[in-house]
Amino acid sequence: MLARALILLACALPAAAQASTRECAQSPGKVLELCVSVADGRAAYAVTRRGTPVISASALGLAFAGEAPVRWTALTDPQRSDVDRRWEQPWGEQREITDRHTEMRLRLEGDTPLNKSVVLTVRLFDDGVGFRYTYDAIPAGQAVDVMADNTEFRTVGDHQAWWYSAWGQERDEYLYGQTDARRITTAETPLTLKRQDGLYLSIHEAALVDFPSMLLTGDGAGTLSARLMPWPDGVAAKKTGPFTTPWRTILIGDTPGALADSRIELNLNEPNRLGDISWFKPGKYVGVWWEMHLNRSTWASGDRHGATTANVERYIDFAAAYGFSGVLVEGWNVGWDGDWTNNGDAFQFSTPYPDFDIAALAAYGRERGVNLIGHNETAGAVPNYERQLEDAMAFYARYGVHEVKTGYVRHSGDIVDADGGRQWFAGQYMVRHHQHVAEVAARNHIAIDAHEPVKDTGLRRTWPNMVSREGARGQEFNAWGDPTNPPEHLTILPFTRLLAGPMDFTPGIFDIPRGGAPVTKRVQSTLVTQLAEYVVLYSPVQMAADLPENYLAHPDAFQFIEDVPTDWETSHTLQSEIGDYVVVARQTRGGQDWFLGAITDENERTLSQPLSFLDPTKRYEAQIYADGPDADYRTHPMSYVISRKVVTSADTLPIVMKPGGGLAVRFRALP
Ligand code: NOJ
Ligand code: CA
């Protein structure tokens, strides 16, 4: 008996020797440190930056159905490694991405069957951290119900936050409010915070695959807790066998630009699984779109139908004449008649209205180097779409379509599943759905631009046909929103929604006065701001959203839209304050030119911008699109001045922006 006890003790010793109560790791440049501890039944992590606390001891782990709250008992098997590598994006805001991080893996041991052994993987970059859980001890085939993610983010100090209340009927299409972070009820991520001392944080997630989307709930005292969008039965995530959660991420920087220029979101996703996707080309498009939002034509069939063969030919001609690669057509397929937002089952994705000849238009476009861009509005009737999905994508593929915009508008905001269950737009059900759509699309060499989407979490690295999304209040709100987007909206988006990934904002409205509409019922910017949007709001596919005739009325300003690319060698956020102004510069991929976009809020603003980002060995012609002296988004939105001058990297560019205004510059490299 004694001998057996001794042997058991001997076996236990090596493991016991590895157990610890606290393990820490530092980012490669020793900027950030994250420590994990297990004490008094609780597992927690804490983050410091240059020695000062950013996140204090915050809870970790998941809760499962049928289990009591876990008591964490041990932290074992720490393993650390360093990574410093570069990889290339097939398209994007930056060609070559550096992935430099420290990884620490630990095992957390708890006293419940499912939390008995959990791997916590932490990655520390100098500009933020990510961590995720792997439940590798769950037996294969065992179904488990995740009820909650217990992860907390206990912020240290007083913060301002830019946020809107989650769970709303308009999903992610709300204006951001700025409040003390203690007022947060439940917020969508990325959730961006500014601490009193000027430190910026943004909490989000990466690689959201087969799991519900994470929201953040505030406790009124600075602690934010993960909140998962549940299934109709209240279960958060339904998993089978071992699984890994998405990464929980915190970007940390001294400026808003440091958040915007961080590449952690991409680095925490898996490499490209689609291989060669040269069939997708980043580019600009026009389309049968704004005219419906202005109610000049209709999605529905009849006298005012927008998607007629003749009208689409007109857009193809315009696209061909001005170098656009795509023409989006909405309202071409059966299902738009009547109250479509409440009757998505009527949509037929391979049946055109009789006045839309897709074969003829595809051929007409092909002869002119223009592709049709498809549109599948589902009105949230996901089962109806899934039943037709294979056919819908094959149908488009037959006509040379390589990009489809999807949509999930529904009046009540709910998605209705095959059992009549009301699904959240970003619960696990919809995360799976969007993934499925992207995979079927990829097989058909089609890229997806999802509207009313699940928020982006960097999946474009793994599935580079997930090219863009909406997921915020876009330009469409400037057609019928009440109120429309105020000027500061464009200075908030780059540091909130855009931290998640590309946004199909649909820039470039030139007819701003719209026959004298009140300012809060039309675009609230100057014309130059509409140009700057192409640089400031990144997307590999960018629409020139206005009607062709409105561009032809201002050919000199339209030149900027013709010239600006949508694929970049590199990008820098040069100056910014969230809600006030933003200045971004990007270099053309595969070229020498640089483009700069600056946008201010409702206040007039003068900045000075050193051009040190330019190649010091070159001279450039700066083609400057500036607000006119009397420009003001309320009174003279159409006032602009175009000038040219030769500059070098040693020069400083004055940026003079009028209320609601901006600046757009092309730096053309001189031979
Ligand atoms: C909402 C989308 O955001 C918009 O772009 C589209 O035109 C309408 N739904 C109709 O599908
Ligand atoms: Ca929308």
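**Close-up views of a predicted model**

E93 and R460 are both buried. These legends describe a predicted model.

View 1. The side chains of E93 and R460 form a salt bridge with an N to O distance of 2.9 Å. This pair links distant parts of the chain, 367 residues apart: E93 is in the loop between β6 and β7, and R460 is in the loop between β28 (447-450) and β29 (466-469).

View 2. D84 and R100 meet through their side chains in a salt bridge of 3.9 Å, N to O. Because D84 belongs to strand β6 and R100 to strand β7 (residues 96-110), the pair ties together parts that are 16 residues apart in sequence. D84 is partly exposed at 47% relative accessibility, and R100 is partly exposed at 38%. A salt bridge also joins the side chains of D99 and R85, at 3.3 Å from N to O. Here D99 is in strand β7 and R85 in strand β6, 14 residues apart. D99 is buried, with a relative accessibility of 0%, whereas R85 is partly exposed, with a relative accessible area of 41%. The salt bridges in the model number 41.

**View 3. A salt-bridge network.** The residues linked in this network of salt bridges are D149, E188, E205, R248 and K455.

**View 4. Buried R171 without a salt bridge.** R171 sits in the loop between β12 (159-163) and β13 (177-180). Although buried, R171 has no salt bridge; E452, the nearest side chain of opposite charge, is 5.7 Å away. A polar atom of the R171 side chain lies 3.2 Å from the backbone oxygen of G413. Leaving aside residues up to four places away in sequence, R171 touches Y164, Y408, V409, R410, G413, D414, I415, F425 and E452.

**View 5. The buried side of helix α6.** In helix α6 (residues 358-367), the buried residues are I358, L361, A362, Y364 and G365. Their arc around the axis is only 160°, which puts them on the same side of α6. R366 and E367 are exposed on the other side of α6. The cover over the buried residues of α6 includes α5 (309-322), β24 (371-377) and α7 (382-398). G369, which follows α6, has a positive phi near 70°.

**View 6. The buried face of helix α14.** A557, F558, F560 and I561 are buried in helix α14 (residues 555-563). The buried residues of α14 fall within an arc of 140° when seen down the axis, so they line one face of the helix.

View 7. G253 is part of strand β21 (residues 247-253) and is buried at 2% relative accessibility. Its C-alpha is 5.2 Å from that of Y200, a residue 53 positions away in sequence. Not counting residues up to four places away in sequence, G253 touches R49, G198, L199, Y200, A258 and L259.

**View 8. Two cis peptide bonds.** T189 and P190 are joined by a cis peptide bond with omega about 0°. P190 is in the loop between β14 (186-187) and β15 (191-195). Another cis peptide bond joins D482 and P483, with omega about 5°. P483 is in the loop between α9 (477-480) and α10 (489-492). Most peptide bonds are trans.

View 9. Most residues other than glycine have a negative phi. D77 has a positive phi, near 60°. This residue lies in strand β6 (residues 72-88) and is partly exposed, with a relative accessible area of 32%. R514 has a positive phi near 45° and lies in the loop between α11 (497-500) and α12 (527-536).

Key
Residues are numbered from 1 along each chain as its sequence is written. Chains are lettered from A and ligands numbered from 1 in the order in which they are written. This is a predicted model: local features need pLDDT of at least 70, side-chain atom pairs count only at pLDDT 80 or more; totals for chains, interfaces and linings use all residues. Side-chain values use heavy atoms; hydrogens and water are left out. Helices (H or I, at least four residues) and strands (E, at least two) are DSSP runs, numbered from the N terminus. Buried means under 20% relative accessible area, exposed over 50%, partly exposed in between (1.4 Å probe, protein chains only). Lys and Arg count as positive and Asp and Glu as negative; His and the chain ends are not counted. A salt bridge is a side-chain nitrogen of Lys or Arg within 4 Å of a carboxyl oxygen of Asp or Glu. A polar contact is a pair of N or O atoms within 3.5 Å; within protein, one must be able to donate a hydrogen and the other to accept it, and residues adjacent in sequence count only if both atoms are side-chain atoms. Contact means heavy atoms within 4.5 Å. The arc is that of the directions from the helix axis to the C-beta atoms.
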